[in-house]
2 protein chains.
Amino acid sequence: VIAVLAGGVGAARFLRGLVRAVDPSGVTVIVNTGDDETFHGLHVSPDIDTVTYTLAGVVNPETGWGIAADTFAAVDALERFGVPTWFRLGDRDLATHLFRTQRLRAGASLSQVTAEIAGAFGVPVRLVPMSDDPVPTLIEVTRDDGPAVLRMQEWFVRERCEPAVLGVTFSGADQARPAPGVLGALNDADAIVISPSNPIISIGPILAVPGVRDALVARRDRVVVVSPIIAGATVKGPADRLLGALGYEVSCVGVARAYHDVCGTIVIDEQDAARADEIAAAGMRVLVAPTLMTDARASEQLARVTLGSL
Amino acid sequence: VIAVLAGGVGAARFLRGLVRAVDPSGVTVIVNTGDDETFHGLHVSPDIDTVTYTLAGVVNPETGWGIAADTFAAVDALERFGVPTWFRLGDRDLATHLFRTQRLRAGASLSQVTAEIAGAFGVPVRLVPMSDDPVPTLIEVTRDDGPAVLRMQEWFVRERCEPAVLGVTFSGADQARPAPGVLGALNDADAIVISPSNPIISIGPILAVPGVRDALVARRDRVVVVSPIIAGATVKGPADRLLGALGYEVSCVGVARAYHDVCGTIVIDEQDAARADEIAAAGMRVLVAPTLMTDARASEQLARVTLGSL
């Protein structure tokens, strides 16, 4: 039985390998919902969708998110009404958000509808949002026009991560409850894997949900993280910039420090082998392996190595 | 200044000609909303959309509704979730419903958002829903499995008008208020035109909104209807079947009888010239003209003849 903490594209690519390495029916994936946003009145859960579409084999392979060969007729047509269309929802993707929003309005929880959507797509693992309560990630930035607080997708997509980050908060996290199954999965798992996701804005929100960090601290020797930083940079996304902005060294050493209290083992890339002793000296077990997930086989190999490290 | 009572395709084709015949800025179109329905959580106003798209020049010319060359990726993708997809919303069309629904949820009235959408499409007339309150048209039918009450789109689209009709009710009409501008337009108009729409389920709901029928009765000599029945049949839609089911003769004579109290003049087709005396004898002025709207020029000519009849 395995529990995985997941953000978006990095997590999805790791999971694509994990389901080849182990029986998927024993895997619970706890997904970040701090990026969830309402567009055109629809509830969009970007990380849940990325994991769902990837495990369903329908993800756009170029971007890592959205549906392959999707079209954009609806979002293009929305431009006529002068509403913001910087978040490019595809037409097939829109069906997911329409269904989710309708179910939520009918009283279903985000967990319920996440399971329904995953089921409709034939996803073989159990997908659980970190919480059924909204916990929007807010990014404090400075721009030319002064300081501002942006929601995650505003900073990430609309402003292309350009404004310098001063801080990150998980709004409402202290009032949020873990979704049903989250704490149970963490307590029961033989292994807890923290995906190679953004430590600050993908995994950070999950850890901010009351009970999650404590569950990991209590089982630190069964927790392993795959470093999303290779040779001082991210493969994709702004993890490097966010780590730096929040005072962490932009390296696997910085990642290790960020997770030190919750995680007993880190998998770092071969390119970072020289940093292994430094991490080990600070009290974390280190495994050195190829971590670049160039294809499903590489992901599968990384999953095997990661689970084998415990 | 002209007021037009409008349903869907027939009304839209008439209006396409009217805006060529007169200054559109003096035209107020009062549109049936009895067919409005919620699909996938979105508020769809079929008749308003048909009139909007037609006057914007973007309507699908084959069907008379929907947007030309629209695609159906979203509704096809919705099938995965097991939700009913018999109402085929196009992707571009979906943008209209997303915008409308979002504005309604934000507190805008249906009148406001109807004007916003018409403005975004460059519609040159004033489009007003009959009411901002919901007045769903319910169709009492008999089916193989017994009697049932269907909403208009269920009977019309899902069941293809097949179940035999016992009666039609306009649910909540007695509590509904005319939308802002409806009664004013009817009182101020030099001419009130009842479009060649379905008398029972397109114009009937408008007349059922408190105040509308009285406004027409008071101005009966300024009201003209274009018969939607030519030689005992409709050009499009189930007007003939509904007239018959509710006890009207399926002919221009039946149409005249249905509108006798509210309308002083009827335009009937040349094919029905032999019935003119019969209608006139019952107290309605009759104008015989070509009424088949084969193209925009034919619609324009019909609009000129109709207005000239008053």
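**Chain A against chain B, and a look at B:Ser171**

The contact I want to show draws on 23 residues from chain B and 23 residues from chain A. Keep in mind that this is a predicted model.

Interface size first. Between them, chain B and chain A bury about 2,200 Å², and carbon and sulfur atoms account for 75% of that. On the chain B side, the residues that lose the most area to chain A are B:Arg80, B:Phe81 and B:Leu98, which together make up 28% of what that side buries.

Which helices of chain B each supply at least two residues of the side that touches chain A? They are helix H3 (73-78), helix H4 (91-105) and helix H5 (110-120). The largest share comes from H4(B), with 9 residues. Sorted by class, the side of chain B that touches chain A has 14 nonpolar, 5 polar and 4 charged residues.

B:Ser171 sits in the loop between strand E8 (164-170) and helix H7 (182-188).

Leaving out residues up to four places away in sequence, B:Ser171 touches B:Pro134, B:Val135, B:Pro136 and B:Leu138. B:Arg151 lies 20 residues from B:Ser171 in sequence, and their C-alpha atoms are 10.0 Å apart in space.

Terms used
Residues are numbered from 1 along each chain as its sequence is written. Chains are lettered from A and ligands numbered from 1 in the order in which they are written. This is a predicted model: local features need pLDDT of at least 70, side-chain atom pairs count only at pLDDT 80 or more; totals for chains, interfaces and linings use all residues. Side-chain values use heavy atoms; hydrogens and water are left out. Contact means heavy atoms within 4.5 Å. Buried area is the accessible area (1.4 Å probe) that two parts lose on being put together, summed over both. Helices (H or I, at least four residues) and strands (E, at least two) are DSSP runs, numbered from the N terminus. Ala, Val, Leu, Ile, Met, Phe, Trp, Tyr, Cys and Pro count as nonpolar, Asp, Glu, Lys and Arg as charged, and the others, Gly among them, as polar.
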